[in-house]
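Let's take a walk through this one together.

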Amino acid sequence: MEKPLATTQRLPKYLAYLKIRQKQGIESISTSRIAEDLNMAAISVRKDLARISNAGRPKTGYPMDALIADLERFLGYGNARDAFLVGAGRLGQALMGYAQFAEYGLSILAGFDIDPALIGSEIDGKPILPLEKLPGLARRMQVKVGILTVPEDAAQETFALMVESGIRAVWNFTAIPLSAPPGVVLQNENLAASFAVLSKRLAATFDEEGVSGEVPCGTFAPPNEKREGGHQS
């Protein structure tokens, strides 16, 4: 039975929390404790976990090891999913160096770019290769997951190249909302849109508190930096 998308999106949050509690020596945990610590509705937590695990017991809750194993099994974290990243600029490099992806089953094998200054370098031991090598390597290594972090004007063309190369799932970090052809899974991750939502919610909070959300220009300077003309590098 297909699991609701909202539940699937919450499961990684539970997993990260449970791993922290496991390291603290906690051997079993109740849904009410999880809900309280994560500031969530207890009924939502109970329903979410009941959909993916039958290890819960009255009064004692869930055995920590069993619940974590069920979460990882459902999310597919037990099997590392190899991925190629296309667009090795600042965001791409940050994602290539993010070590915690491994905990969630994602292994970025290499980055690809068209910038000669980047090609041949490494990020956290992972090579940055010429984009022209992507199709051959993706097919030969059977890589099915791609991460897209190219500039907006190159997003559609690069996405098409990734699909033609046999990549079946693309995590899109560009601001362009791409559409996937049949048989290709696409996750659009618009950071600017997420910030817009954050900013709007902050403004609403200020309105409720009767506080102005505007900060006068030129009033902030990082500590120990002079505010003289020019840019600091």
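A salt bridge here is a side-chain nitrogen of Lys or Arg within 4 Å of a carboxyl oxygen of Asp or Glu. By that rule, the count comes to 5 salt bridges. Before we visit some of them, some housekeeping: this is a predicted model, where local features need pLDDT of at least 70, side-chain atom pairs count only at pLDDT 80 or more, and totals for chains, interfaces and linings use all residues. Residues are numbered from 1 along each chain as its sequence is written, and side-chain values use heavy atoms, with hydrogens and water left out.

Start with Arg 10 and Asp 48, whose side chains meet in a salt bridge at 2.6 Å, N to O. Arg 10 lies in helix α1 and Asp 48 in helix α3, so the pair ties together parts that are 38 residues apart in sequence. (Helices are DSSP runs of H or I with at least four residues, strands are runs of E with at least two, and both are numbered from the N terminus.) Asp 48 is buried, at a relative accessible area of 1%, while Arg 10 is partly exposed at 26%. Buried means under 20% relative accessible area, exposed over 50%, and partly exposed in between, using a 1.4 Å probe and protein chains only.

Next, find Glu 72 and Lys 19, which form a salt bridge at 2.9 Å, N to O. This pair links distant parts of the chain, with Glu 72 in helix α4 and Lys 19 in helix α1, 53 residues apart.

Leaving aside neighbours within four places in sequence, Leu 18 is in contact (heavy atoms within 4.5 Å) with residues including Ile 29, Met 64 and Leu 71.

Finally, turn to helix α7 (residues 155–164), whose buried residues are Ala 155, Thr 158, Phe 159 and Met 162. Seen down the axis of α7, they fall within an arc of 105°, so they line one face of the helix; the arc is that of the directions from the helix axis to the C-beta atoms. The face turned away from that buried side carries the exposed residues Glu 157 and Glu 164. Just after α7, Gly 166 takes a positive phi of about 100°.
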